[in-house]
Structures are given as structure tokens and as C-alpha cells.
Amino acid sequence: VHAGAPVGTTRTRLSRLQRAAGDSWRLDSRMLWNREGRALDLRQNTDFEASGLRPIALTRQLEVNAVLGGISALTTAAEFRKEDVRIVVRNPNTESQVDRVIPLRKNFVLLGNQSFEHWLLIAMHLKKHHQEGKNEVTFSALIPGEYRYLDLKCRREREEQISDLAVQRWHITSKDFEARLWIGPQGEVERYRQGEVEIQRIRSSVKRDR
């Protein structure tokens with residue numbers, strides 16, 4: 001929701017990687033956004049280890065359709081190794097490509113632009129820290145498409161209710177943006193708010209037979 005008006009959806013699916021070594025998972029997502037003559041179609045896969053939630057690989061395909069600017073596209077691929085990550089960003093329209101290797105920081109998290117699904121993994125980190133009695137946490141967030149890190153400062157504000165669910169509200173600050181994140185008892189993200197943008201989880205109302 002942007003400025004009170006629905007503008008799109010983001011859908012995610014979690015699945016186990018059958019051929020990967022160890023206990024690894026894939027977070028498959030697609031975001032569709034349409035507002036004021038600008039439409040985004042973003043598809044992204046984030047592979048990560050269950051233990052520690054450490055990223056393994058990332059693939060991202062972004063297509064932007066603007067009334068005045070035509071159609072543009074960008075693909076990003078990242079391979080996470082022991083001490084560094086190789087990031088390749090390609091523009092299919094111009095056939096240009098940037099291939100870089102940057103060092104990894106200790107206990108980093110991922111945070112791509114328009115990549116709401118990365119907050120699902122960050123929320124699991126926050127749940128773990130809260131269980132350890134920590135109400136303030138700082139992360140080094142890697143933005144692969146920009147080859148840089150962003151320091152995220154997370155502070156638990158209070159407990160609230162969303163319908164009949166008890167959630168923890170966290171305040172997120174950085175030099176680029178400020179946001180709030182509502183996390184459920186299992187570490188699930190129920191709501192995210194940044195400026196005029198709010199993303200809300202839609203829960204199924206289908207009742208299963210016992």
C-alpha cells in the first residue's frame with residue numbers, strides 16, 4: 001500500500017534445496033508494483049543455509065516499464081563464498097556487465113532494493129537476538145546490486161496486537177531510510193512500514209477440516 005492506495009503484491013515461497021549439501025533452502029519471490037505510470041516486475045531467488053541463515057546464492061531479474069522511459073531490465077547474480085562474494089550485474093538492453101568481488105563482513109545480512117523477502121530472514125535474526133535478551137541489534141546489510149554495505153540499527157520498541165496476534169514492533173534506522181517491522185511469535189513478518197509504503201501480510205481465511 002502506497003499513500004493509502006493498494007499498488008501491488010509480493011509473493012514468497014520457501015522450499016528445501018534437494019541437491020545442495022547440508023540443510024539449505026530457497027526463498028523464491030515475485031513482486032508486482034504499478035503506480036503513476038511506472039510498473040515493476042521483480043523476480044528473485046535467495047538460497048541460504050538453515051543454520052545461521054547464511055546466504056549461498058542470489059539471482060534477481062528486474063523489469064521496469066515506464067510510460068515515458070520505455071522498458072528497462074537488469075539482472076543480478078551473486079555467489080557467496082567463504083570470505084567474499086562475486087556479484088555480476090548485467091543490463092540486457094545495452095549488453096553491459098559489471099563483475100566484482102567484495103569481502104564479506106561477519107554476520108552480514110542481505111537487503112536488496114524492493115526485496116521485501118529479505119526482511120523475512122532479518123526478522124528471524126531479530127527473533128533469535130530477542131530470545132537471547134537483546135533489544136538492540138546492529139547488522140551490516142549487503143546490497144548486492146550496489147556493491148556496498150549499509151549499517152542497520154534495530155531496536156525493539158514494544159509489544160502490540162495485530163488482530164488476535166501478539167507481535168513485537170522493531171524500529172529500523174540507517175543513513176538511507178527509517179522503517180518499522182512487526183514480527184510475530186514464530187519470527188514471521190506481519191507488517192512493514194517505510195514512509196508512505198506499508199506491506200501487510202495476507203493470512204489465509206480457509207478453515208481446514210480436522
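1. Among contacts in the chain between residues at least 6 apart in sequence, what percentage join residues at least 24 apart? The figure is 35%. Keep in mind that this is a predicted model.

2. On the overall build: you'll find one helix and 14 strands in the chain. The radius of gyration is 18 Å, close to the 17 Å from the globule rule for 210 residues, so the chain is as compact as a globular protein of that length. Along the principal axes, the C-alpha atoms fill a box of roughly 50 × 45 × 45 Å.

3. Now the surface. Of the 210 residues, 37% count as buried. The accessible surface of the chain is about 13,000 Å², and carbon and sulfur atoms account for 46% of that.

4. Charges next: the chain has 36 positive and 28 negative ones, and their mean positions lie 2 Å apart. The salt bridge count comes to 23.

5. One of those pairs is Arg30 with Asp41, whose side chains meet at 2.8 Å, N to O. This pair links distant parts of the chain, with Arg30 in strand S2 (residues 24-35) and Asp41 in strand S3 (residues 38-49). Arg30 is partly exposed, at 32% relative accessibility.

6. Have a look at Arg35 and Glu36 too: their closest N and O atoms are 3.4 Å apart, in a salt bridge. Arg35 is partly exposed at 23% relative accessibility, whereas Glu36 counts as exposed at 71%.

7. Finally, a salt bridge network links Arg155, Glu157, Arg158, Glu160, Arg169 and Arg180. Within the Glu157 and Arg155 salt bridge, the closest N and O atoms are 3.7 Å apart. Glu157 is partly exposed, at 21%, and Arg155 is partly exposed, at 36%.

Terms used. Residues numbered from 1 in each chain as written. Predicted model: local features only at pLDDT ≥ 70, side-chain atom pairs only at ≥ 80, totals over all residues. Heavy atoms only, no water. Helix = DSSP H or I, 4+ residues; strand = E, 2+ residues; numbered from the N terminus. Rg over C-alpha atoms; globule rule 2.2 N^0.38 Å. Buried < 20%, exposed > 50% of the residue type's maximum accessible area, 1.4 Å probe, protein only. Contact = heavy atoms within 4.5 Å. Areas by Shrake-Rupley, 256 points an atom, 1.4 Å probe, with all protein chains shown as cover. Lys, Arg positive; Asp, Glu negative; His and termini not counted. Charge placed at Lys NZ, Arg CZ, Asp CG, Glu CD. Salt bridge = Lys/Arg side-chain N within 4 Å of Asp/Glu carboxyl O.
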